[in-house]
Amino acid sequence: MSGLRQNKLRLNNAPIIFTDSTCSAVSQVSKKAAHVKIKELKTAIGVIKDLELSIGRIFEEKWTELIGPTPFPSITDLREWDFKLLKRYQPLYMPFCDVCCLCTLGKCDLTGGKRGACGIDMTAQQSRFFLLGCCIGAAAHSAHARHLVEHLIEKYGRRFPIDVGGLTVEVEAPITRLVCGVRPKILGDLEDILDYVENQITHLLASTHTGQEGNNLDFESKVLHAGMIDHVGMEVADMAQIATYGFPKADPEAPLVEIGFGVIDLQKPVIACIGHNVPPAIEIVDYLKANGLHGKIEVCGLCCTAHDLTRRSPEAKIVGPISWQLRFIRSGVPDVIVIDEQCVRVDSLIEAQKIKAPAIVTSNKICLGLQDRTRDPIDKIVADLVEAKVPGALILDPAKAGEVAVRTAVKVAPKRKKFKIIPDVAEVIEKAKECASIGDCNDCRRACPNDLPIPEAMIEAAAGSLNKLADLYEECVGCARCESACRAGNSIHSFIIKAAEKKLKEEKFKIRAGRGAIQDLEIRKVGSPIVLGEIPGVVAFVGCANYPHGGKEVAEMCSEFAKRRYIVVASGCSAMSIAMHKNEEGKTPYEVYAGDFDAGGLSNVGSCVSNPHISGAAVKIASIFARRNLRANYEEIADYILNRVGAVGVAWGALSQKAQSIASGFWRLGIPVMVGPHGSKYRRMLLGRKDHEEDWYAYDARTGDKVYVGPAPEHLFYTAETKEEAMVMIAKLCIRPSDTTKGRAIKLTHYCDLHKRLYGTMPDDIHLFVRTAADIPVTMKDEILKILEEKRWKERTIPDPTILPRLIRKRKE
Amino acid sequence: MSAEPWQRAEIPGPKKALVFAKPEVVVTMVKTAKRPLLIVGHEAVNNGLNEEKVIDYMIRMAKTAKIPVVATAHIFGEFVKRGFQPATWMSVMDITNRLQDPEWKGLDGMGQYDLALFIGIPYYMEWVILSSLKHISPDLKTISLGRFYQPHATCSFSNLSLKYWIECLKVIINGLEAK
């Protein structure tokens, strides 16, 4: 295939490669088909007149970079690479329960090595379940992307150019280029990429059916494929919205915007947008501007819609992450609630009704039983909502939803008068007394994911003090399972919110709006120090807000590594949690650290679908700094990242299937991901064994010799029990085989320093990471030399590492 | 309290832990084990009654029964502060992984363990860890010394009051001290 410039035709989703000469016959590319019309064609075999040919869509590609071996890979094309990873990082399965209950043959007891009625065993069942989760996550993102692309094409046209960073970003779609081997230039190109993504998700999902895949490692390979595909889908979504909506384009100086419950102006009508798919929220802002209402109505959001809203409109406000949904609705602040998709509390409509706020539901993924009013006159919908004839409306046209939301908010706000359902102090005490009279039931605590001592707090509340209830606020994930469990029917979550009311109202912070991509220029600047190890690592705080002890731990970890001059990046709910804590000078991390992708910088890339800017940065280091061919060259780029790019993802509060598939996409690229203790409930880890020396050999590409490179990175997917354990592991997971001696010494300094501070001792595996005496940090030389002597350490070579034999430049006979 | 999972939504399946009728059973199990291992998580530092924390009881137990201790998370230093040197620190994921490997030589190079006792690990984490061991390491016996019922263990306490739980730990230590 090499040397021939090729183009990709997708016909019934089967890729066909053909050359430029064929391509020049294309006269028109339509949405659903390419049409070739030839009035008259003279050939050796005769004359053809009025030839009209309809075929699938065509990518008109004039990219001169050689195409790599795996364009648009199928679900088995990268299996060999996956198996290399899975040999080193083997799955640890941790089932919730003993049975499989996926089909009517079951339930099947899989204990003690038993197989189910279909023949599946527990390892395959667990990996199948993990794949299902990843398919759900990838489907959520790609369906989101599909909706966005279709909507934006309708609004801006298919030929609207993809520009995510102007002159600062030449590699506009690193993941898509890497996976698919194409460069999207216009919005219409994104549809073709999504065709591929959707096709792959269908195949992956099919493999989970009863009587399909039966081997756990093959399921795991498919998990990695799902993750990779997810990153393509997310990249498409974010490219589309950055290009069309005027979001910051790879801008390290994206504006600081307001976040927190306390930043919402209660004097104005408030519209709260919840979810991840931003068009309805943007239509609200556009309608306000077009109708002279800008500044008269407060528009705010929760979860990633809020991120994307502030990327478009910096005066909009972020309330907080997913765990703030219930407390915000119950506070009575929102006059209208606009729901789009993903990570929305599915009882939002019920909660909205309690505060007499109409809900406008805007996605076909979440209809909540509401009547479809998409084709109804706006005046009629607004009247019905204002008069509370209906609790809400399903409106699948974002522009119409935007107008309805604004006009309804204006009319509803004076009627509602911020009606809330948070009880007053006297009522909390009264209810707590009733609770105390029930006795020692503990149902609330036994329902709480964090095992919070709610009963003790209720007893103290019954005695007149709400202090212990207020103390629960920081660690409460806002799930309200305590309320569902309470046999007295108490609104315990509301009690906690009341007790912590002062704290809640004081939540006023700054976050840098999502910057989008990392500039090529930034990559050129940091590529060398990252690969050589002189910048000790890239730490990405991503994912949801299911924290064991509140978001403060994420902010602490973020500040620790920014201070140590790691490159810190963030996205999604984690990016918000980082913002919601101030230092002793009253500044949030975003006010302390610059937004550059550089040592000591803190970049918020944006929402969930912005995560490929993080994986893409690693890919761009291989492509831009190291000049490795990127196009459809997945294995080689992943091999480069695994061995050279010291990056680690931290999803401290990961809870969703989307977080699961996002992590899987990082693993296939050789980037480890760590989750907090609740992440153990994903029920599968990918762990290395540092005590198995044979697992940690790579080839020296210069000589073909097999060389011990140490357990770097030690794990691909890992649950840490505590923040302290996580911090030590972050430093360790940034170590890579290719580090120079200077770089390795810097990385080991951080690893040892954190280990000593948090564990009270030097690490016991330091000898595995010291290759030559020059790797030893000068300030710890005596201590480390003593350990090396005890461990009978021997000096070893520093290779040009690869685990792909085909990349060996000089083979031995 | 009854032998039902502490977190009510946790449903284990057909194979459930035996509940200790009395704490002395732990003593017997430890004494008859050829190679026991004690795994202590970070909550052992926070939980306890009055001044004495669970970690203090575990130190006494380890010293008395000469059981090697794996300190998980970051609490290795807490042991050292109390003048006790655990056999090693290792993350709970890593020790779980190694306990599933029949070829693992153990912390002392003498081979795999036949009894693992867990305490101080968050309930939901211990839940999946014990399940993992139940399914993948059927020859390993596991004991949950925690306050709440862990059905994926081989044996576990039922859900206990804090006071009674501490009493049980004392009974176990006293039992192990007796010849």
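1. pLDDT is the predictor's confidence in each residue, on a scale from 0 to 100. In this predicted model, chain B has a mean pLDDT of 95, and 98% of its residues reach 70 or more. The scores for the model are ipTM 0.97 and pTM 0.94.

2. The contact between the chains involves 32 residues of chain A and 36 residues of chain B. On the chain A side, at least two residues each come from β6 (90–93), α14 (443–447), β22 (684–687), β25 (715–719), α27 (723–733) and α28 (741–759). By residue class, the side of chain A that touches chain B comprises 15 nonpolar, 10 charged and 7 polar residues.

3. The largest nonpolar core holds 326 residues. The members that touch the most others are Ile271(A), Val338(A), Cys558(A), Val650(A), Met674(A), Ile730(A) and Met58(B). Helix α3 of chain A, residues 122–156, is the greatest contributor to this core, with 17 residues. In soluble globular proteins, nonpolar side chains tend to be buried together. For Cys558(A), the contacts beyond four places in sequence are Phe541(A), Val568(A), Ala570(A), Ile578(A), Pro589(A) and Leu602(A).

4. Chain B contains an open sheet of 7 strands with parallel pairing, in the order β1-β9-β8-β7-β2-β5-β6. One side of β1 (18–19) and one side of β6 (88–89) of chain B lack a neighbour in the sheet, because these strands stand at the edges with a single partner each. The parallel pairing of β1(B) with strand β9 (residues 155–156) of chain B rests on 2 bridges, and Val19(B) has Ser156(B) as its bridge partner in β9(B). Helix α6 of chain B (residues 123–136) packs on the sheet, where it touches β7 (115–119) and β8 (141–144) of chain B. The direction of α6(B) makes about 165° with that of β8(B).

5. How many residues of strand β2 (residues 36–40) of chain B are buried? The count is 5 of the 5, so β2(B) is largely enclosed by the rest of the structure. Pro36(B), Leu38(B) and Val40(B) point one way from the strand, while Leu37(B) and Ile39(B) point the other way. In a regular strand the side chains alternate between the two faces of the sheet. Parallel pairing joins β2(B) to β7(B) over 5 bridges and to strand β5 (residues 69–71) of chain B over 3 bridges. Within these pairings, Pro36(B) has Leu115(B) as its bridge partner in β7(B), and Ile39(B) stands opposite Val70(B) in β5(B).

6. Helix α2 (residues 43–46) of chain B contains Val45(B), which counts as buried because 20 C-beta neighbours lie inside 10 Å. Leaving aside neighbours within four places in sequence, Val45(B) is in contact with Lys53(B), Ile55(B), Ile75(B) and Glu78(B). A separation of 16 Å lies between the C-alpha atoms of Val45(B) and Met90(B), which are 45 residues apart along the chain.

7. In chain A, 3 strands form an open sheet with antiparallel pairing, ordered β24-β23-β26. The edge strands, β24 (706–708) and β26 (801–802) of chain A, each pair on one side only. Strand β23 (residues 697–700) of chain A is joined to β26(A) by 2 bridges, and Asp700(A) has Pro801(A) as its bridge partner in β26(A).

8. The peptide bond from Gly106(A) to Lys107(A) is cis, with omega near 10°; Lys107(A) lies in the loop between β7 (99–100) and β8 (108–109) of chain A. Ala712(A) and Pro713(A) are also joined by a cis peptide bond, with omega about -10°, and Pro713(A) is in the loop between β24 and β25 of chain A.

9. Positive phi values occur in two non-glycine residues discussed here. Phi is near 70° for Arg683(A), in the loop between β21 (673–675) and β22 of chain A. Phi is near 55° for Arg792(A), in the loop between α29 (781–790) and β26 of chain A. Are these residues buried or exposed? Arg683(A) counts as buried, with 20 C-beta neighbours inside 10 Å, whereas Arg792(A), with 7, counts as exposed.

Note on methods: Residues are numbered from 1 along each chain as its sequence is written. Chains are lettered from A and ligands numbered from 1 in the order in which they are written. This is a predicted model: local features need pLDDT of at least 70, side-chain atom pairs count only at pLDDT 80 or more; totals for chains, interfaces and linings use all residues. Two residues are in contact if their C-beta atoms, placed from the backbone, lie within 7 Å. Helices (H or I, at least four residues) and strands (E, at least two) are DSSP runs, numbered from the N terminus. Ala, Val, Leu, Ile, Met, Phe, Trp, Tyr, Cys and Pro count as nonpolar, Asp, Glu, Lys and Arg as charged, and the others, Gly among them, as polar. A nonpolar core is a set of buried Ala, Val, Leu, Ile, Met, Phe, Trp, Tyr and Cys residues joined through C-beta atoms within 7 Å. A residue is buried if 20 or more other C-beta atoms lie within 10 Å of its own, exposed if 12 or fewer, and partly exposed in between; C-beta atoms are placed from the backbone. Two strands pair if DSSP finds at least two bridges between them. Axes are lines fitted to C-alpha atoms, for helices over the stretch in contact, and angles run from 0 to 180 degrees between N-to-C directions.
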